[in-house]
Amino acid sequence: MASQEMEQLVRREYKEGFVTDIESDTIPPGLDEDTIAFISKKKGEPQWMLDWRLDAYHQWLKMTAPSWAHLDYPPIDYQAISYFSAPKREEDKPQSLDEVDPKLLETYEKLGIPLHERAALAGVAVDAVFDSVSVTTTFKDKLAEAGVIFCSISEAIRDYPELVKQYLGTVVPTSDNYFAALNSAVFTDGSFVFVPEGVTCPMELSTYFRINAANTGQFERTLIVCEKEAQVSYLEGCTAPMRDENQLHAAVVELVALEDASIKYSTVQNWYPGDEDGKGGIYNFVTKRGDCRGDRSHISWTQVETGSAITWKYPSCILRGKDSIGEFYSVAVTNGRQQADTGTKMIHLGEGSKSTIVSKGISAGRSNQSYRGLVKVGPRAKGARNFTQCDSLLIGDTCGAHTFPYQEIGNSTATVEHEATTSKIGEDQLFYCQSRGISEEDAVNMIVNGFCKDVFQELPMEFAVEAEALLNVTLEGAVG
Amino acid sequence: MLEVKDLHVTVEGSEILKGLTLSIQPGEVHAIMGPNGAGKSTLSAVIAGKDGYEVTAGSITFEGKDVLEMEIEERAQAGLLLGFQYPVEIPGVKNIYLLKAALNAQREARGEGEIPAPEFMKLIKEKVSFMKMDNSFLQRAVNEGFSGGEKKRNEILQMLVLQPKLAMLDEIDSGLDIDAMKVVADGVNSLRSEDRGILLVTHYQRLLDYIVPDHVHVLVNGRIVKSGGAELAHELESRGYDWVVEEPAA
């Protein structure tokens, strides 16, 4: 196809681009100890939490932002960011959906997530995070009956301080990396899940994150703990409204799986990628890590990444337990001027630990995408196994795909396999489908969805449907 | 129904078709034969709309419509369907899904609604068994890991499901053993009807023992140099192509 025609087709508008007009209780831009004290006070935190934050802040001051990623963006002015924003009526938080600001509900409607209906119909508990404060939590009773704790991290700090103290920062230490340190200092909210010994969480847990107030960094903090033989599946999905200025997002997610426990964490991320020139998109610097602390524990990451201007994200597993299992299934789609440097780390420490990595990258427009993966096998991880499959699909000839696989094998009994392919979306495949009467657009969707099938089948059912739809929207007109 | 007039086609700067004229009426089976490099596959590819072929002169009309003005999918929706010599693999896309998407796209273009699922399943099962294929074919990814014979059967299966007005089959016999060829030929013969045209492109006469054409055309160096009935194919088989070139064009 002619490149001119293609360029025209690649153009699309961000479908979730709208702004809800809710007065925010926002503090002026800037970051110092006072800012952190303000956040901590605003959230009614105990002294130990404030100390923890300040400690992280002091470490952050000594660190520099990582520059090794295959990403190109101007330096971020951390003093130009406002670190707290919450819907105004913090004191009289709504007790039910009836009390929720109708404008907020409208926002959810526009996003296609009618909270109450959808949650009720699907039997999903939703801890909806709007800006930085949890607005409503449903299905709490049913979860409580099972003994599962699912609440905002702020609530958890107040109501379950011992649990939070025991696990927070044990998977991603405050000094882990630049963005994790920043998050530890200023995180505003996020989710907390605790599944006690022997309990299988009776429903899938999901949280919708949404960035709303302009120029406000979003620093989510999520902690999920599964005790012995406990199981949970957690779904995270995101969209954000259109904005002119880059919005910084630096989340930290920590997962802890004890003996025979299993955690499945699925993400569909659809943040604003910026306009045609890449202006205004979200900067997404995320640290996600799971610790398979117990023997035979199992942590599985599945992600569908279609949004953000910049993505820096490596959901990882530390396979500490004997025969523990780590999995990473990823579909990343970049279009326009998006840049993504994403992948995973599988750190094998336990004997017989196994990991699987399946990464599918799709690049279109003028986007750039890198897979960066580390497989590390420690000296005591006898018989450890890894299988990595890493495929890239290019649409058009102005995009880029790169693969950076790292392997550090400290054990001669380990088995590590790596397969990688890069292909252009086949003109022949397109022609074949079109010559059967299928439109070019549908043919691309069909081929791309086929390419991603290995990953989509790992997603919970309703998420898989959503992911496919999202992929189609993202690649709308990206035919080459 | 199909009128190709004085067609000149250039591929990457070199002229492949140099004034080809061909007319196909409903109910007719035409076979285009010729030596390698004569432009046989180019003809069907151009009619189907494949990229990279530049038409420098001449015209193609189908039921009075200018084919060269139509998008690839519009040609298929109008009833022009190409069976590929080398069908491509599409990993992760189930065969049954492609069939359904193609059928529904064509129905939609005709202003019909989507085919109801039970009706579709009934249709598919019938055609699959006619092509002596296993139902498991439907659940496999399109052409992925198919043997040569399986791929060709799959092409015919699509024809049986999509019921084109003009079926074009590009070297559908290549790489087939005799049993597979019989199945493929049975499939093609079942497509024969008084309101459907069939265009076979083949290098060997062998296929034409099973699918007896009404017209045979010899394509040499970008032009049809000789046309005749089914007997022409036999003559070509015994005498080769050289004698045709030496005689004046028909």
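Modeller: Two strands count as paired if DSSP finds at least two bridges between them. The model is predicted. In chain B, 6 strands form an open sheet with mixed pairing, in the order S6-S9-S10-S3-S11-S12.

Biologist: Which strands are the edge strands of this sheet, and what makes them so?

Modeller: Strand S6 (80-83) and strand S12 (223-228) of chain B are the edge strands, as each pairs on one side only. Between neighbouring strands of the sheet the turn is 20° on average, with direction ignored.

Biologist: How do you know that S6(B) is paired with strand S9 of chain B?

Modeller: The count is 4 bridges between S6(B) and S9(B) (residues 166-170), and the rule asks for at least two. The pair therefore passes. The two strands run parallel, and B:Leu81 stands opposite B:Ala167 in S9(B).

Biologist: Which helix packs on this sheet, and which strands of chain B does it touch?

Modeller: H6(B) packs there, touching S6 and S9 of chain B. The direction of H6(B) makes about 165° with that of S6(B).

Biologist: What angle does H6(B) make with helix H3 of chain B, and how far apart are their axes?

Modeller: H3(B) (residues 95-109) and H6(B) (residues 148-162) pack at an angle of about 35°, and their axes are 10 Å apart.

Biologist: Is the crossing of H3(B) and H6(B) left-handed or right-handed?

Modeller: H3(B) passes H6(B) in a right-handed crossing. That label is for a near helix turned clockwise from the far one by less than a right angle.

Biologist: Which residues meet there?

Modeller: From H3(B) the residues include B:Leu98, B:Leu99 and B:Ala102, and from H6(B) they include B:Leu157 and B:Val161. By class, this contact has 7 nonpolar, 4 polar and no charged residues. B:Asn95 and B:Gln106 are also among the residues from H3(B).

Biologist: What is the strand order in the open sheet of 4 strands in chain B?

Modeller: The order is S2-S1-S4-S5, with antiparallel pairing. Strand S2 (14-24) and S5 of chain B have a single partner strand each, so one side of each is left without a neighbour in the sheet.

Biologist: How many bridges join strand S1 to strand S4 of chain B?

Modeller: There are 8 bridges between S1(B) (residues 2-11) and S4(B) (residues 53-62), which run antiparallel. In S4(B), B:Ile60 is the bridge partner of B:Val4, and B:Val55 stands opposite B:Val9.

Biologist: How do you know that S4(B) and strand S5 of chain B pair as well?

Modeller: 2 bridges join S4(B) to S5(B) (residues 65-66). The rule asks for at least two, so this pair qualifies. One of the bridges has B:Thr61 with B:Asp66 in S5(B) as its partner. The two strands form a hairpin with 2 residues between them, and B:Glu63 in the turn has a positive phi of about 50°.

Biologist: Why is the meeting of B:Lys50 and A:Asp428 called a salt bridge?

Modeller: The distance is 3.1 Å, N to O, and the limit is within 4 Å; the pair therefore counts.

Key:
Residues numbered from 1 in each chain as written. Chains lettered and ligands numbered in written order. Predicted model: local features only at pLDDT ≥ 70, side-chain atom pairs only at ≥ 80, totals over all residues. Heavy atoms only, no water. Axes fitted to C-alpha atoms, helices over the stretch in contact; angles between N-to-C directions. Contact = heavy atoms within 4.5 Å. Nonpolar A, V, L, I, M, F, W, Y, C, P; charged D, E, K, R; others polar. Salt bridge = Lys/Arg side-chain N within 4 Å of Asp/Glu carboxyl O.
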